[in-house]
Structure formats: C-alpha cells, structure tokens
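Student: I have a new structure to look at, and I would like to learn how to read it. Could you walk me through it?

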Amino acid sequence: MMRSLMSAVTGLRAQQTAMDGIANNMANVNTAGFRSSSTQFEDLYYQTLNGGTAETNPSQVGYGAQVSGISKNMTSAGSTTTDNPWDLYIDGSGYFAVSTSNAADAVPAYYTRVGNFTFDTNGYLVDPNGNFVMGTADGGATVTPLCLIGATINGVTIDADVYRDLRDITFNSDGSISASYNSHPGTIQIGGNNLQVVLATFVNEKGLSQVGNNDFAETESSGNPTYTTALAGNNTKLRSNALEMSNVDMAKEFTDMITTQRGFQANSRIITVSDTMLDELINLKRS
C-alpha cells in the first residue's frame, strides 16, 4: 500500500481531533469561567531510504502526523456583572475549592474559577452543583466547608435563629463575610479570626484536569494545592456581584476552524489522488 495513504489518514485523524477541540471551545463561548484549549501536532516516524554518507544527506520518507498534546489557555478573560451579591470573581490567581461533603474534616474534591454561590438553609456556602465551598479562619492552614452557623457576629454565636435574622450578607475583597444582626453590622468570625473564602493555587495550573460543571481536579502534573486567602501577601482580590467570563477568542477559533478544515481537505485530496494512482497501476496490469 502506498505510504501516502497512511500519511493522509493520520493527518485526517489529527485534524479531526483539532476540530473537536475548536467545536468545544465555540460551544462554551458563553460558559462562565471556561478555559479554551488548543491542539498541537507532531510528525510521526520515518522510513530511511538512504542513511547518507559524508558526501550525501540521508533520504527519509515520513508517515504522517499525530496529536502531540492539547493545552489549556488559563488566561482570565475578565468579569461580567451580575445581580447576585454572593457571586464572586477572583481578580487575580487562585481557584475556589469545593467539597462533595460538609463534614468538618472534608477535603476539596474540585477547584473552580466560577464563584456562582449561594447560602443554603443550613448556613453553608454552596455552588450550583450542591458542592460545599471551602473556607478558613486561619489563612488557609485549616480548610473546612464554609458555614455561618457556629460562627459569631459581634460576639453573638450564630445558631439557626440568628442565621435567619442575618441581613445584608456580603463578601469583602479579602473573602471575609460581613452581615448585619439586629441592625448592627459586623464581620463573621471563628475563634476571634475572620471567616474567609479559601483560595487554592497550583504550581502548574495547566496540569489541572477539566471534569465538567466548570470544575477542575488536581493531577500529578498540577501538583498539590496550596491554600491561601485573597490579599494575604498577594494582589488577588475577590469581587462580589461578578462572575468570570469565558476566555474563548471567537476570531481565533474561526481562523483555526478554517485552517483545520483546509488541512482536512488537503489530506482527503491526498487519499483521492493516491487512490487514482493505484487505479492506474491496476489498469497497467489489465492492459
């Protein structure tokens, strides 16, 4: 079989994978916090026809291309304003950490840039998937599901009755929580320290695995998370009434779509032409 046929097939597969990535990017152009991806190619192995000498160069024929990797673009695209005071935008680096359990010793299962949160009836800060947002009262040394019940405001312990009477619950730029109780404003605390939304950072955030629902999971490539809070020796701030936008660049995606389509067409044409050449060989035999 002609080598060109096999090379063209590998090209078709690689371009199809690239088009799959482009389609996913464009489908998520309005998905809050979405991170676009791009496909990279590399050539395959070669058949050496002539190893070369001191006077001549090697003669080699390649066997096509393959996908070498799919990388994520982790650049933030800015924020969009919302009407929910509990929506949070991370102006800087880091991820919100969420857990599937509200146990005191629960550990984060996922990480997200999308702070589309609300407080449930039990005082927990939760995301749209029902996961519990993690918080801290010691700058990240201890991380636990963030819950208002059991904390204090103006020296008053927040139980179920006090929680129902809290008003104007808002987040500050450092992730601490302010509220009003009996018309007296105050900051939610635990053990005399402000209760804050915790942020997770990674050595290699591009190594995070996308698991859907706007969530990422840590991998061996990303490394283990380090926990901190906004404005704790960093320039990261939290902004309420805002969510992070998708970082999909439509102009780039349309351009990539055209070049990928042309690449697919070119490889298809190679198969057609190679088939014609094989047909000519068969006709030679018949004649």
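Tutor: Here is a short tour, from the whole chain down to single residues. This is a predicted model, in which local features need pLDDT of at least 70 and side-chain atom pairs count only at pLDDT 80 or more, while totals for chains, interfaces and linings use all residues. Residues are numbered from 1 along each chain as its sequence is written, and side-chain values use heavy atoms, with hydrogens and water left out.

Student: How many helices and strands are in the chain?

Tutor: Helices (H or I, at least four residues) and strands (E, at least two) are DSSP runs, numbered from the N terminus. This chain has 27 strands and three helices.

Student: What does the radius of gyration of the chain say next to that of a compact globule?

Tutor: The radius is taken over C-alpha atoms, and the globule rule is 2.2 Å times the number of residues to the power 0.38. For 287 residues a compact globule would come out near 19 Å, but this chain has 27 Å. Its C-alpha trace spans about 100 × 40 × 30 Å along the principal axes.

Student: What percentage of the residues count as buried?

Tutor: Buried means under 20% relative accessible area, exposed means over 50%, and partly exposed lies in between (1.4 Å probe, protein chains only). Here 38% of the 287 residues count as buried.

Student: And how do I read contacts along the chain?

Tutor: A contact means heavy atoms within 4.5 Å. Among the contacts in the chain with a separation of 6 or more, 64% are between residues 24 or more positions apart.

Student: Which strands form the open sheet, and in what order?

Tutor: Two strands pair if DSSP finds at least two bridges between them. The open sheet has three strands in the order 9-6-26, with antiparallel pairing. Strand 9 (115-116) and strand 26 (237-240) are at the edges with a single partner strand each, so one side of each is left without a neighbour in the sheet. Strand 6 (residues 87-91) pairs with strand 9 in the antiparallel sense over two bridges. In strand 9, Asn-116 is the bridge partner of Asp-87.

Student: Now for single residues. Is Asn-131 buried or exposed?

Tutor: Asn-131 has 8% relative accessibility, so this residue counts as buried. Asn-131 sits in the loop between strand 11 (125-126) and strand 12 (132-136). Apart from neighbours within four places in sequence, Asn-131 is in contact with Val-98, Ser-99, Thr-100, Tyr-110, Leu-125, Val-126 and Asp-215.

Student: Where is His-184 found, and which residues is His-184 in contact with?

Tutor: His-184 belongs to strand 18 (residues 184-187). Leaving aside neighbours within four places in sequence, His-184 is in contact with Asn-154 and Ala-179. With a relative accessible area of 51%, His-184 is exposed. The C-alpha atoms of His-184 and Leu-166 are separated by 9.9 Å, with the two residues 18 apart along the chain.

Student: What is the phi of Asp-168, and what is the phi of Asn-213?

Tutor: Asp-168 has a phi near 55 degrees, a positive value in a residue other than glycine. Asp-168 is in strand 16 (residues 167-171) and counts as exposed at 62% relative accessibility. Asn-213, also not a glycine, has a positive phi of about 60 degrees. Asn-213 lies in the loop between strand 23 (209-212) and strand 24 (215-217), and at 57% relative accessibility Asn-213 counts as exposed.
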